[in-house]
Every structure is written in structure tokens, then in C-alpha cells.
Protein chains: 2
Amino acid sequence: MSIDRKALPQLRPSVTADNNARDIAAARAQATFSVERLANYLYGGKQRRLHRDRILRIVEKDPVFSKSTRYYRSLEEQIAAGLAQSRRLVELRDQHGWNEAEFSQALTLVDDFLPITLHHILIKPLLRTQCTPKQQSRWLKDAEDWRIIGCYAQTELAHGSDLSKLETTATYIRETDEFEINSNSFTGSKWWIGGLGEIATHTILQARLILGGKDYGAHMFMVPIRSLDTHKPFPGITIGNIGPKAFGATNSTNNGFAYFDGYRIPRDNMLAKFAHVSKDGVYVSPPHAKVGYAGMLLLRVSLARDAGWALARAATIAIRYSAVRRQFASAGEEVPVLQYPNVYRRLLPFVAQAHVMLAGTDALAELFSQLNAGLATNDVSLLPEAHATSCCLKSLCTKTAADGIEEARRALGGHGYSAGSGYGAMYGHYVASNTVEGDNFLITQQTARFLLKVLQQANSAEKRSLPASAAYLAHVKTLTTTKCTVERPEDWLCMNVQEQVLTRRAARLAVELATALLQERKPWQALNTECWRLSVAHGHVLLASAMRHRVEEIMQADSVLYPVMKRLSELWFLHTVETHLGDFLEDGSIAPHQVQMLRAQLSTTLSALLPDAVGLVDAFDFPDYVLDSTLGRSDGRAYENLWENALRAPPINSDRNGNLRSLDATPFGYEEYIRPLLKRPARTGAKL
Amino acid sequence: MSIDRKALPQLRPSVTADNNARDIAAARAQATFSVERLANYLYGGKQRRLHRDRILRIVEKDPVFSKSTRYYRSLEEQIAAGLAQSRRLVELRDQHGWNEAEFSQALTLVDDFLPITLHHILIKPLLRTQCTPKQQSRWLKDAEDWRIIGCYAQTELAHGSDLSKLETTATYIRETDEFEINSNSFTGSKWWIGGLGEIATHTILQARLILGGKDYGAHMFMVPIRSLDTHKPFPGITIGNIGPKAFGATNSTNNGFAYFDGYRIPRDNMLAKFAHVSKDGVYVSPPHAKVGYAGMLLLRVSLARDAGWALARAATIAIRYSAVRRQFASAGEEVPVLQYPNVYRRLLPFVAQAHVMLAGTDALAELFSQLNAGLATNDVSLLPEAHATSCCLKSLCTKTAADGIEEARRALGGHGYSAGSGYGAMYGHYVASNTVEGDNFLITQQTARFLLKVLQQANSAEKRSLPASAAYLAHVKTLTTTKCTVERPEDWLCMNVQEQVLTRRAARLAVELATALLQERKPWQALNTECWRLSVAHGHVLLASAMRHRVEEIMQADSVLYPVMKRLSELWFLHTVETHLGDFLEDGSIAPHQVQMLRAQLSTTLSALLPDAVGLVDAFDFPDYVLDSTLGRSDGRAYENLWENALRAPPINSDRNGNLRSLDATPFGYEEYIRPLLKRPARTGAKL
């Protein structure tokens, strides 16, 4: 399938292309730290990287997972590829005896959103955490062994974010001990459900529970939807695919719809770990009303954790290509564009953001673990903080990463716009994270509500027991009256200054929101934008705090990495203030000369990090197979890759099997389109 | 091909969907101005709209231009569709006797970047303006009559922006009175050239002219590349397609590459209106070194002019859908989300930006006309200002529009991510504008250089003859020492305040750049970011000034439109300051309480415009055929559209001809992928 480099010799060799490999090696050699040790730190040890590489070798050599034709496919072929990869991945699991973690690793390497992805990352966890032991014995083994495949049906055609307004109902029919599922109207159809379109045999359905005419709100039900014998949908269910997605991305997922019309399931199919209905139709409440939101919480944590890696990947391609792309002469010879401030100023902050987001979302994952440990013993005390933090960081991090991917692409000139650069698919795939599992704008209301409660608590006698992540609100008065103390550019690197500036802004916005709500009596819905601003500010506090701990940890664990990590932490802070400058300046706490010092220090910090640029992205250790980028391959040979990539593209240069078309062949489309155009009869239009 | 609405009756009707049409009608009825008259104003009169509609009826009923399968196509099918549409469009031209303007109109309606687009918008104009009469007689009639099709070959594999570094040479061979074209190495191959991949018979080539071993820099040559008999490339030229583009967009264009190896053309094929080479190899210079940049200038003006319409289109879909999408209850009934401040605050500014960009780029087009009128008599005096203004507005407007399209999509929740929303293709197609014809970041250096010259001139005796667009720099000292005078929120609406705030920022940034360059002796390449900031600030001055004139013109021409246009102008200003707040605040000229007043006034202005929201987008008058959006159709029936769109998607719901698959049929992919997955033998992996 690949084009032999020998296809090129008819073309004269290029000095520029020869320089590519030399340039990236030279840029690599400048790193001031051990790339190997940073990579080990990021992956949790050398062993894990080696383990990842073993799975990589299995996946990348398998033709089913070849990426060489991914941009040539029709919608039908995309869907077929997703099904084929699903089948093959489970076969490889059987063959190699992969455990759950290894299967997750393989899924990450395949790097597409498959129709089985949600079964693996959500359905199995929900069966483990939301079912009674008896229910687990009915479904869990089959689910773990891929004898049944589930999907998660929450969103409806006309309702996304508001669970209380779902149209779908599950009405208890006492006579038959069943629930009857109804979509009630076509806008109540489940919609967007990953895997539902074709592969799923079951769904975990969110529906409003109706008992004796009374609405008990959304609950989860395990619903068989397709026959295990024929895979045809059961009577009473209309299922299909919702059609193609934007940017030509993620069509392999087969997001589907389902319309239920009087479909019955046994009463025991309601997931009953926390709430259940007795045979005589009596409702037994859960320990906390929002325990059923666990699925969304899990997915939000997972989305937030992906953000750092997504941005790291975008930065890898951009920095490598910029290290070999020479443009514009300086004293005769053209210079790699990475040397230009307008390039490294745009790209290096992505590396810093990636590290800071990884630190921040690791801390979120730790909080989530503590929550789950508590829930096992019905301790729900961490639920509000975990909920607010996950909304805050999911919103902030997925937006930062999506915007960063696209900004990195645009920093590469024209070639960033080629499919082979890897960015188009990466963005198209990734940006779904900004609207799924709670729209990034809307969910910041949850964070803001939580912070307002903490603020109230801080003003009361309960001051001591504030949640750790928002404890700074205890000092709201000192914070909002202290001015920035920077006197020299390097003062901006002082940890106390950074903490003061970030917490002051968040505290001020919290107070302003409270004032608007409580004193000015503005309605909550009129304050969404203010919620968003507050949540962003709080998110920056969370990220800074987590990164501070990480830098301290590194100082202990591997002090040779300390200087570069410290600098990344500083770059992140300086860049964050610069890009949100209005927010920091509007209260007059930072003076004009201090802004100039911020810019000066940013410039100094960027220059100091520049020699580490390629080393830093190498340390993210993305395999070339995953990057799948003509511009970002580790060997730096961007221009040769672009040529090879062009030559194997059908139908003009090659056929679908990658065989070059002969130059003597009739050009593609000539007889059908081009000859009739150029050789058409003289025109006889009415106007002539 | 379309699904009958009767496919739906098996589903129960929906109150929400019934509300859709009612909701949009209600929102429409709130408009405070005449939508019809604003539309006429925008299109330059009722007659032009009627004329557009006549061409629309021809195009939209032609099956070749049907959009119903556009998201289902493979790369090969996309390329074939581009060729088929090219052929058909020229046939329709013959059939209906379309003139150049009518053909342009049809091309706009087809709404894809076809392989013939550049021939129409660039090659014909270049032949008209850069050729001698003798050369015109050789090529122009064939080009106008589509007997030959050209493309424009400037960019090379390893060189985009810097014409002086092109590798391709045209060396004069005196013995045979020919130029020999050489790419010189594979990185010198022309690359990205629209239409070159398959359809073009000729190219206008940019190559460095070499005479007697001396390099005279880039010039244009008319180069026949494919046989008019067989369409095969001539010996000495290797041509192909560069492969698929990001986001699955614009693959119909067949962007191509060409490698030249000792290919000869007659001396008379050098475009010789301004510069030429005599038979004995003597070079005759043009009146101005940059007259040959006319092609890029023309494209930049054209790209800038598209920006307002692109954003208008994105706003149309978003506002219409938000007017019918009900979410979250307020006193029982769910409310159309457009009523929520966080939605209209994000969407209404796009309408304002669209109008302001249309005003600003119309003014640019006027300047460009004056330049061309001058050039005809060798008057090159407007060239620097036209060049700087086109770089400034191309960069600012195309970035504003691209970011706005994506931001509008994200404001729509999940359905924005469906292909049928129209946004994915719109963004993928549009965002190319940010990197073509001069990368948006890099070209702002041209604007900055121009402004520095004007600043120097302003400090000298030549003060009186400053170019109109930068005349504010004459008052640089007053501007940079005056503080903002706002005392009440409504003071922000005062024209003088607005002008002062915008020009002060631009003037200050110009002075800072001059200081960094001349006093601090920083190298130019270290100041790219500062150039970018200055160019954005200058662009806002240009846009504000053009919009002020437009509002005044409307007061004269059609005073019923005055209030709404004035308010849009105000919204644009308030929103621009808010989104670039750091830039305005960092010099301390605006006080914290003035920022609060700005936000208060923004809120007031937005609320005042809200009733006009749907009317304003209706006035952009995009035909449903062009929008091609499930969410944005003028009838408001978003949820029914989503259903129909899903039902006709292959291969799961329908076949390629739009016929619904029977529910009794074996599900797609069952035998090949799903059964083997679910029914595989028990696993025997080594680890078990």
C-alpha cells in the first residue's frame, strides 16, 4: 500500500528536504533535560511505556487498523471500517489474553471512536456500579466477554442537557410486573447514542420513572434492543443511524436513534443498586438524588483527562514541523520557522498547557476515586465538590485543547490544511468533547452554584470545613483589596504573586456574581455568562494549584526534571494572564507598567524554553502510528512524506490499492467530464 | 431522493416539533424594521435579488447540483462530483447565455470550490490585466469561452509566502527564443494549485526569471500543461493531485502539484503588460516592482469580501435554530434558548460583525477599483495603501468569520456537530481563507510596515498628504495622552468616544512598535506579534469608519433602516472592546468603573436588538438551497428535518438512492462483522 521512495528519483533531490532530518536532529540535541526521564514520568514508569509498545506492535501491523486509506472513504466505508475494527479488536483481545487495561490501551492506539468504545468505557463501569449483585450476575459476564454490547441512551432529539425534561418514560405495569417504555413522540427519540446505530444489543436507557401516574424523574434501565439471534430490532423499537457528522469525523461510531412505542421490559431491568421499585409499585429512594448522574460524571472526568494528551499531540506535530520548515532568509540562509517569536510564542504555550492540564485532571481523577470509595459505603459527602470540579475542568480543558489544536494547525501555513497533517481529523474528532456530556457553557453553572455555596459558607461559622479546592474563598476580603505587588519582570515568577493574582480574580468574580444574584436580584438565567467567567477563573486556580504540587513532587522524585517543569509552569501562568488580560485588568489591581513587565517576562521565559521545544514534544512519546502525520513524524522528513502521501491518493494519482496510475493512461474523468466540457459545441444561448 | 414526510407517521407527533414553525413565525413577527428593505439594501436592490433567484431556480433543480448525497461521498466521488459540476455549469452558461456576472452568481450558489473556480475568478482577470493586446488575442477568447482552463501556480511544496525564494526558474534560452522552466528539485514543485490536479489545460506560473545567469525575481508565464487533444500532460511536466484536505472539505477542487524538468515555452508566453524580455535577452522593468502582485491582491480583496457573508450565513442558521429550540423551563414551559442571555450574547454579535465587515470590505473594494483605474494609466500611487489595507482586512475579517462560524456551531449543543447542520462543511471550506494568499499572521507585517511609514510621515513636514485610512496617526500625541471620558453607560454610544478609544489603541500600538524597532533596536522578525496586534487595532479603526459612513448613508437613503443599523454598529463596537479588553485597558486609559459601564451598555444594547434577531438574519436572504441546513431552514422545522435527514442516510437506514431499508432485512454488516464478533468461540489467550 505504501509508495516506494524509489517513485521519487525521476525528481531531482532537494537541499531543503535533506535538511529536514538534520534540522530535527539539531533541534533535538538542544534539549537541556532528559527526554527519556520526562517520558517515563508522564507514563508512570518505563515499564508502562514498554508495555504500550508491545500492544502498539500488534495493532499497527494489523491491516484492519491501517490508516493509509482513512481519508478516502465514503460514509458507508467509514461505518464498515468501524465495525471491522470493532470485531478485530475483540479478536485480538481473545488471542492475546488482554485484560481490561490492555484493551483500553489498544483502543487508545486505534485512535478512532469505535461503535464499541462506549460499551468499554461506560457500560461495563455502570453495570459494575449501578447494579445489584443479582443484576450483575445476569449481565456483567456477558458484557465483559463481549457477548452482549451496550450503549448509553440519555440524549433525545429535542433534549440534551436537562434530564428532568426527558420525554421518554418507563411506566410500571403492576399487572405484568413490567415497565413499558415510550418515547411518547418523535422528538422523544433517543438520539446521538454512540453504538446504537448498528452494533448494540442492549442499551442502558435514561427514562422518567412513572409509578401510579407519578413522575419520579430520570432513572436507568437495562433494555435489550436487538435479537441475539438475528440482530434485528425487537418489535416496538425503531432504530437507525442519525447520519453523518460534521468535519467528516467519527462516522465510524454509528451514533444512532431509537424510538420506543409500548416496549416492555421486566421490572428487574431497572438498575437497582441505589433506587428500586418493589413488586407492588413502591419506590425506594437512593441515598442522594444525584447518584444516578454517575455515568455523566465518569465521562466528564475521562473527557477532561484526555484534553492534555490531545493538546500534547497537536503541539508535537506543530513543533516538529516548525523545526524543519525553513522560510525567510536571515543573513542568506532560510531559518527554521520555530526560531521566529511569532511561531514559538504561539506553539510553546500548548506544551505548557498540556502539562498543566495533565496535572489538574490527574488531581480530579484522584478526587473522583475518593468519591467512589465513599459511595461504596454510602458516603456522598464529596459528591458536590467532585461534580463542580468535573464540570469546571471538563469545560475549561476540552475548550482549551480544541481551540489549541486548531490554532496549532493554522500556525503551520498551507500544509496544515492537508488531511495528511493529521489535524483535520484530530479536530473533528476531538471537538465533540465541547458539547457532549454537558455543553461547555451550560455546565459552568454547576461550578458557579457550588462556589456561591462555598462563599456563603465562608461568610458563616462553618469557615473551617470549606472544600479544599475552593478554600481560597475564605480570604475573599483580603484578596479583593490587595493590589499586585510586582516591581520587576521576574516578580511575576513568584509563586505568591501568581497565587494572589489568580485567586483574586476568581474571588472577585464570585463576589460579583453573588451581588448580582442576591442584591441586584438578577435572575439566574441572565447570569450564564458570569457563571462561565467565574468557572474559567476557578479552573485556572485549580490548574495552578495542581501544577504547583506536581512541580514540588518532581523536585523530590527526579530533580533533573525540575527546572524545565518549573519553567513550563511559569509559562502557563504568564500566557494565561496575557490571554485573559481584560479579566485581570478590569478591577484596576494591576498597573500598566506591571503589564509591560508581564510581557517582558513572558518573552524571557519563552526564549529560555525554546531550546527544549523538540525535546519536550518527544517526551510526550506519541508513536508515529498514532500521530499519522506527514508533518509531524519523528524523522522530520516532512516534504518527502507530503510527496509520498500525494502519490498514493486515488483516483487521480493512484488506484485504491496504492498503485500509481500510468502517465499514459487516459486521465481520470476525461471522457465523462473534461472532454465534453472543452469540446462542446458553440453556444446558442438565447441572449447571444 | 428525498424522504416523504409520510415515513414519519408511524411515530407519534410532537408538540415540540409543532411549536417549531410557530416559534419561528413569532420570532419573525417581532422585527422592528422592514426585512425586505434591508435585504434590498444588502443586495443592491430588489432587481438583483430577483435576478439571483432566477439563477437559483436553474441551479437548484439540476440533479448535478443536488446536495442530498454530499456527505456520503468517497474522495473519488468528491472529485468526480467537482468535475461533473464544472462541466454542467459551463453547459448551463451556454444554454442560458449567462454573462460573466451571472456565471459568478451561479458559482456562488453552487457553493463549493470547484476545479474551475480559480479560472473564473483569477485567470481571466489576470489575462485581462497582465497581458499585452497581442497576448490577449492568443488566449483571452478561449479562456472566456472555456476552451482552455487555467490555474494559478505560485505556491511550492516548501515555499508559500516568500515569492523571492521560489525554487522554480524560467531561464531565457536566446538560441531558441524560449524560456526553460525548471522546478530544480522536488521541493520546488508547484503545490496546492486549485484546478491543476485534473482539469487545467494551462497555468499562469510564477517563476524566477533568469537572464544571462542573473535573477530578476518572480514573474508570470502562461504555460500550456496538458494536450488539448488528449488532456495528457506534456513531456517534461509531472502533474498530479496533492491528496485530500482537512475536515473532508474542498476535495472537489483537485488541488494539484506540478514538477517541471526542462520544459520549454516561447518567449512570448511571459505576461508582458508591465515587464518583458526582448528577443536579445534584455529585461524591461515594470513601473512598480509589485505590479506583479496584482493576482494576490485581487484574491485578498475577494477573500475579505466573502467574510461578512460567511459569518452572516453561520449566524442565520444559529439564530433560526435557537429561536425554535426550547430548553429549560421558566414557569413551566420551556423557553426558546435564544431568549437566554448566554445564547443571544454569543450570537447577535455575529450579525453585527457581518454588517460591519461588509461595510469595511466594500470600502476596500472601492479603493481597489481606484487603484486599478490608476494602474491603467501607470499611476501606482494607491498601491501601498491598497496593499496594506487588503492585508489588514483579509487577515482580520477571515479570522473573525472562521472563528465565528465555529463558535456559532458550538452554541447549538449537540446537533451543531451533525453534518446536516451545515457547519462542518462550511467551516472546513471557509477556514482555508486564513492561510491562503498570505498567512493571516504573516501578512499583518505589511500593514504594520505601512503604518510605520505613515507615522514617520506624520512626524515630518508631509503631514497633510497622509493616506486617508491612517490619517488618525497625525494626532498621535493627543490620542495617546487623552483618557476615556465615559461617565454613564450610554456615553459608550457616543461616536467621538468610540473613535477616540479605537484610534488611541491603534496609535499607541504603532508608537510602541516604532519605539521597539528604532529606539530599542529590536529585530523586525522579533516583532511579528506586535505587528499582528497593531494590524488588528488598525483594522478595527477601518471597520468602524466604514460602518459609520454606511449608517450615515442609510440615514439618507432609507431612514427606516437607520435605528437598527445604528444599533448594530454600536453592538459591534461594544463587543469588540469587550473581546479585546486587555488591549484597551493595559495603558490605564480606561478606568474600572468605565468597564462596568461598558458591560452594562452591552447588555442594554443586546436586549434592545433581541426582537430583531430573526428578522436580521432573514434579511441576509440566504436561500434554503444554499444554507442546506437541517437546523437553519427558513420554515424552522428543525426536528422534522433531522429525522428526514437521518432516514435517508446510507448504508444503515437507506440505500444510496434514498430508499429506506426494510426493517426485516439483515442489518448492515451483520454477517461480516457483527455475528463473528458476538458469536466467536470462547477465548484461548495465553494468559487465561
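A polar contact here is a pair of N or O atoms within 3.5 Å; within protein, one has to be able to donate a hydrogen and the other to accept it, and residues adjacent in sequence count only if both atoms are side-chain atoms. This is a predicted model, where local features need pLDDT of at least 70, side-chain atom pairs count only at pLDDT 80 or more, and totals for chains, interfaces and linings use all residues. Residues are numbered from 1 along each chain as its sequence is written, chains are lettered from A and ligands numbered from 1 in the order in which they are written, and side-chain values use heavy atoms, with hydrogens and water left out.

**View 1. Domain 1 of chain A beside domain 2 of chain A.** Six residues of domain 1 touch seven of domain 2 (contact: heavy atoms within 4.5 Å). No residue pairs in polar contact turn up across this interface, with both at pLDDT 80 or more. By class, the domain 1 side has three nonpolar, three polar and no charged residues (charged being Asp, Glu, Lys and Arg; nonpolar being Ala, Val, Leu, Ile, Met, Phe, Trp, Tyr, Cys and Pro; polar being the others, Gly among them).

**View 2. Chain B against chain A.** Here 162 residues from chain B meet 161 from chain A. Between the two chains, 63 residue pairs are in polar contact, both at pLDDT 80 or more.

**View 3. The salt bridge of Asp94(A) and Arg680(B).** The closest N and O atoms of this pair sit 2.6 Å apart (the rule: a side-chain nitrogen of Lys or Arg within 4 Å of a carboxyl oxygen of Asp or Glu). Across the interface of chain B and chain A, the rule finds 10 salt bridges.
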